[in-house]
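This briefing goes through one protein structure by topic. Please keep the sequence and the model side by side while reading.

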Amino acid sequence: TVLYSAHIDVLQFLGFIKSVSLHLRVPAHVRQGMQAAGGETGPLGAVVVGDALRERGNLLFADGEYEQAATLYTEAIGTQAASSTLLTMALGNRAACWLSLAKKQPANTGHALLERCLADCSTALATKPIVSDLKAKLVTRRAKAARRLCTCWLADARQELQSHNWAAAVRYCDRALALTDRPPAAAFSLKGDALTKLADFS
């Protein structure tokens, strides 16, 4: 009876921590203590803290604070095991931050952010199990990032062509072609031009 009562008290305390952390970040020492606890409190504490961090990240994302939101999603990811629904959602959320930040960059830039988005989407899609609607969102987000990155790399290829750096232009075209099963015709055209120049001047 004493153990059962103590278990109920722990659950109530964890619920309280979750409600508070929707507005305030969970202190590091509380988070570490909950995760280090034995028995059921360890895994349960990780889920509660991870979910609270993710929800706080959602609020920041809604306010357009993408970098701060990404930081909280990263902390939420760090609380989770190798495969869980919360991990998948947090990875997808962080991918959305990278994509949103990339959209704020000047045209044909933001390569690193887009690559992070692709990586997070791919990692999330590899987790098991994954619900169908979440999978659809991740696939769509990854496709958007791939198209945008493809455009960036083709712009780089054009710049290399203008600078007579034919080999570099070919490499950028190859990157663009590898991103999607349906690459734009411009990728093939640019690569063909670069290969022709390479042959002419080699």
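Leu-138 lies in helix 7, where helices (H or I, at least four residues) and strands (E, at least two) are DSSP runs numbered from the N terminus. At 0% relative accessibility, Leu-138 counts as buried; buried means under 20% relative accessible area, exposed over 50%, and partly exposed in between, with a 1.4 Å probe and protein chains only. The model is a predicted one, in which local features need pLDDT of at least 70 and side-chain atom pairs count only at pLDDT 80 or more, while totals for chains, interfaces and linings use all residues. Residues are numbered from 1 along each chain as its sequence is written, and side-chain values use heavy atoms, with hydrogens and water left out.

**Surroundings of Leu-138**

- Not counting residues up to four places away in sequence, Leu-138 touches Thr-88, Gly-92, Cys-121, Ala-124, Leu-125 and Ile-130; contact means heavy atoms within 4.5 Å.
- Thr-88, one of these residues, is 50 residues from Leu-138 in sequence and 9.4 Å from it in space, C-alpha to C-alpha.

**Overall make-up**

- The protein has nine helices and zero strands, and its pattern along the sequence reads α-α-α-α-α-α-α-α-α.
- Buried residues make up 39% of the 202 residues of the protein.
- Of the contacts between residues at least 6 apart in sequence, 60% join residues at least 24 apart.
- The protein has an accessible surface of about 11300 Å², and 56% of this belongs to carbon and sulfur atoms. Accessible areas come from the Shrake-Rupley method with a 1.4 Å probe, and for residues only the protein chains shown count as cover.

- Helix 5 (residues 85–103) has 19 residues and reaches 27 Å from its first C-alpha to its last, close to the 27 Å expected at 1.5 Å a residue. The expected span is 1.5 Å times one less than the number of residues in the helix.
- Helix 5 is mostly covered, with 16 of its 19 residues buried.
- The 14 residues of helix 8 (residues 166–179) should span 20 Å at 1.5 Å a residue, and this agrees with its end C-alpha atoms, which are 20 Å apart.
- In helix 8, the buried residues are Trp-166, Ala-168, Ala-169, Val-170, Cys-173, Ala-176 and Leu-177. They pack against helix 7 and helix 9 (185–201).

**Largest pocket**

- The largest pocket has a volume of about 280 Å³. A pocket is an open set of points, on a 1 Å grid over the protein atoms alone, with protein on both sides within 12 Å along at least five of seven lines, and lining residues have an atom within 4 Å of a point. Grid points are joined across faces, edges and corners, and the volume is the space filled by probe spheres set on the points.
- The lining of the largest pocket has 14 residues, and Ala-143, Ala-146, Arg-147, Leu-179 and Thr-180 lie nearest its centre.
- Helix 7 (residues 132–162) supplies the largest share of this lining, nine residues.
- The lining divides into eight nonpolar, two polar and four charged residues. Ala, Val, Leu, Ile, Met, Phe, Trp, Tyr, Cys and Pro count as nonpolar, Asp, Glu, Lys and Arg as charged, and the others, Gly among them, as polar.

**Loop residues with positive phi**

- Asn-108 lies in the loop between helix 5 and helix 6 (111–126). Its phi is near 65°, a positive value in a residue other than glycine, and Asn-108 is partly exposed at 37% relative accessibility.
- His-164 has its place in the loop between helix 7 and helix 8. Phi of His-164 is near 65°, also a positive value in a residue other than glycine, and His-164 is exposed, with a relative accessible area of 55%.

**Partly exposed residues in helices**

- Phe-61, in helix 3 (residues 41–62), is partly exposed, with a relative accessible area of 26%.
- Leaving aside neighbours within four places in sequence, Phe-61 is in contact with Tyr-66, Ala-69, Tyr-73, Ala-96, Cys-97 and Ser-100. Phe-61 and Cys-97 are 36 residues apart in sequence and 7.4 Å apart in space, C-alpha to C-alpha.
- Gly-192 is found in helix 9 and counts as partly exposed at 29% relative accessibility. Gly-192 and Cys-173 are 19 residues apart in sequence, with 9.5 Å between their C-alpha atoms.

Note on methods:
1 Å grid on protein atoms, 1.4 Å probe; cavity = no way out; pocket = protein on both sides within 12 Å on 5 of 7 lines; lining within 4 Å.
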